[in-house]
Amino acid sequence: EYTTSRSSFGMVVSMRQCSRPLCSRDAAATLRYDYAAGVVMVDPMSAVRDPHEYDMCAWHAGTLRAPHG
């Protein structure tokens with residue numbers, strides 16, 4: 001979900017929320033899967049939203065544990 005606001009410099013800033021259910025915190029990281037390589041990546045939030053990635057707040061990104069097996 002996007003909300004927009006104007007920064008003090010007059011630029012439009014896009015804010016995204018954590019994609020975890022019932023979480024309304026601002027997103028701080030992006031979760032990506034590379035299914036072919038079997039890799040899960042949590043990186044700083046991407047500049048552009050991709051529908052195949054998940055935005056997460058700092059708390060959810062920090063407590064995420066990838067499945068093993």
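Colleague: Among contacts in the protein chain between residues at least 6 apart in sequence, what share joins residues at least 24 apart?

Modeller: In this predicted model, 37% of the contacts between residues at least 6 apart in sequence join residues at least 24 apart.

Colleague: Which elements does the protein chain contain, and in what order do they run from the N terminus on?

Modeller: The protein chain has one helix and five strands, and from the N terminus on the elements run β-β-β-β-β-α.

Colleague: How should I read the sheet, and in what order do its strands stand?

Modeller: As a general idea, strands of a sheet pair through backbone hydrogen bonds, either parallel or antiparallel. Here three strands form an open sheet in the order β4-β3-β5, with antiparallel pairing. Because β4 and β5 stand at the edges and each has a single partner strand, one side of each is left without a neighbour in the sheet. From one strand to the next, the twist averages 30°.

Colleague: Over how many bridges do β3 and β4 pair, and which residue of β4 does Y33 stand opposite?

Modeller: Strand β3, residues 29-34, pairs with β4 over six bridges in the antiparallel sense, and Y33 stands opposite V40 in β4. V39, which also lies in strand β4, touches R32, Y33 and D34 when residues up to four places away in sequence are not counted. With a relative accessibility of 34%, V39 counts as partly exposed.

Colleague: How do I read the aromatic pairs, and how many does a search of the whole structure find?

Modeller: In general, a pair of aromatic rings is described by the distance of the centres and the angle of the planes. A search of the whole structure finds two aromatic pairs. Y33 and Y35 form a stacked pair, at 5.5 Å centre to centre and with 20° between the planes. The rings of Y33 and Y54 have their centres 6.3 Å apart and their planes at 80°, so this pair is edge-to-face. Taken together, ring pairs link Y33, Y35 and Y54 into a cluster.

Colleague: Is Y35 buried or exposed, and how do Y33 and Y54 count?

Modeller: Y35 has a relative accessibility of 69% and therefore counts as exposed. Y33, with a relative accessible area of 37%, is partly exposed, and Y54 also counts as partly exposed, at 40% relative accessibility.

Colleague: Where is E53 placed, and is E53 buried or exposed?

Modeller: E53 has its place in the loop between β4 (39-44) and β5 (54-56). The relative accessible area of E53 is 17%, so E53 is buried, given that buried means under 20%.

Colleague: With which side chain does the side chain of E53 make a polar contact, and which residues does E53 touch?

Modeller: The side chain of E53 makes a polar contact with the side chain of R32, at 2.9 Å. Leaving aside residues up to four places away in sequence, E53 touches T30, L31, R32 and S46.

Colleague: What share of the residues of the protein chain count as buried, and what surface does the chain expose?

Modeller: Of the 69 residues of the protein chain, 22% count as buried. The chain exposes about 5400 Å², of which carbon and sulfur atoms supply 57%.

Terms used: Residues numbered from 1 in each chain as written. Predicted model: local features only at pLDDT ≥ 70, side-chain atom pairs only at ≥ 80, totals over all residues. Heavy atoms only, no water. Helix = DSSP H or I, 4+ residues; strand = E, 2+ residues; numbered from the N terminus. Buried < 20%, exposed > 50% of the residue type's maximum accessible area, 1.4 Å probe, protein only. Polar contact = N/O pair within 3.5 Å; in protein donor to acceptor, adjacent residues only side chain to side chain. Contact = heavy atoms within 4.5 Å. Pairing = 2+ DSSP bridges. Axes fitted to C-alpha atoms, helices over the stretch in contact; angles between N-to-C directions. Phe/Tyr/Trp six-rings, centres within 6.5 Å; stacked < 30°, edge-to-face > 60°. Areas by Shrake-Rupley, 256 points an atom, 1.4 Å probe, with all protein chains shown as cover.
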